[in-house]
Amino acid sequence: MLTEISVSAPAKINVGLKVLPVRKDGFHSIESIFQTVGLYDDLNIKLIDGFGRCEVSCADIVLPKKNTIVSAYKAFSEICGGIKSVSVTVKKGIPSGGGLGGGSSDAASVIRALERLNGVKLSDEQLDSIAAKVGSDVFFFLRAVGGAAVVTGRGEIVRCIKRRNDLSFVLVFPPVSSSTKEAYALVDEFYSSGCSMVFPDVARLEGMYNEPLEKWAFKNSFTAVLKDKYTEIGSALIALSDLNAPYCDMSGSGSTVFGAFYRVGEAQAAAKKLKADGFRCAVVQ
């Protein structure tokens, strides 16, 4: 009988992110391409005595009592009934609050582990029900087996596409953290002031994703409002541009900034220069 599972939960970047005005239900619809990248949280999920309890520990950061892993366990329990208790140990490799989806990826990995540990297979509808209770990015991590998708709606509409494996990315981690709540509030303020941005049509996203980087016209709704508030984000974007990154932007609601390069050597050289200039960064594919 399986009693313990170790998994690596990948980060994601947003290649473009259009945030539409707030809906009547309080959510925002989005239009984006999500792509997994080689940065991971490592999780160990282990059965412990009893039922209905999820204990989470992380030596790297202080997790809030209500976190995505506990929320995922609770939502899973509501569907499957009294499931076995687990302890979850998290080793963080994905910066918290960086717009890279670490919490959502962790939750999706725990959901899949709970299926195996309890000998159940949830339907797509049940998985969607859990994702809706935990967080919008969880839909992507549960569905995008190939690692890339066009994501629309509040995040629940995930159309898988072929992931590009010919690019290298430099992730830059500015020393600031923006909450998702704050980022959306700033975008709402941006719209209410009468401002607007021009984005590629959603029907063009996949085609543009497969074009040369120089033709990428993706934009992130959060970038303009957050770089005005946090100068460190703007500085990271300028630094990547000065190093001739063919494309650079912020991921998600920030604060991680990324530059896309054709060759890993170019990305490594850029990262070396950035580190010499005091930036914290990593090269991933």
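Helices (H or I, at least four residues) and strands (E, at least two) are taken here as DSSP runs, numbered from the N terminus. The model is predicted, so local features need pLDDT of at least 70 and side-chain atom pairs count only at pLDDT 80 or more, while totals for chains, interfaces and linings use all residues. Residues are numbered from 1 along each chain as its sequence is written, and side-chain values use heavy atoms, with hydrogens and water left out.

On a 1 Å grid over the protein atoms alone, a cavity is a set of points where a 1.4 Å probe fits but cannot get out, whereas a pocket is an open set with protein on both sides within 12 Å along at least five of seven lines, and lining residues have an atom within 4 Å of a point. Grid points are joined across faces, edges and corners, and a volume is the space filled by probe spheres set on the points. The whole structure holds 1 cavity of 30 Å³ or more, and the largest cavity contains about 60 Å³ of space. Its lining is made of G16, L17, K18, E31, F199, P200, L205, F218 and K219, with β1 giving the most, 3 residues.

The interior comes next. A nonpolar core is a set of buried Ala, Val, Leu, Ile, Met, Phe, Trp, Tyr and Cys residues joined through side-chain atoms within 4.5 Å, where buried means under 20% relative accessible area, exposed means over 50%, and partly exposed lies in between (1.4 Å probe, protein chains only). The largest such core has 66 residues, and V86, V88, V170 and L226 have the most contacts inside it. Helix α2 (residues 102-118) gives the most to this core, with 7 residues, and a second, separate core of 25 residues includes I94, F169, L213 and F258.

In helix α1 lies F76, which counts as buried because its relative accessibility is 0%. Leaving aside neighbours within four places in sequence, F76 is in contact (heavy atoms within 4.5 Å) with residues including I111, L114, E115 and I130. F76 and E115 are 39 residues apart along the chain, with 8.9 Å between their C-alpha atoms.

Strand β7 (residues 168-172) and β10 pair in the antiparallel sense over 4 bridges, two strands being paired if DSSP finds at least two bridges between them. The open sheet has 4 strands in the order β8-β9-β7-β10, with antiparallel pairing. β8 and β10 (281-284) stand at the edges with a single partner strand each, so one side of each is left without a neighbour in the sheet.

Two backbone details remain. Most residues other than glycine have a negative phi, and most peptide bonds are trans. N244, in the loop between α8 (231-242) and β8, has a positive phi of about 65 degrees although it is not a glycine, and N244 counts as exposed because its relative accessibility is 64%. A cis peptide bond, with omega of about 15 degrees, joins G254 and S255, and S255 is placed in the loop between β8 (247-250) and β9 (257-261).
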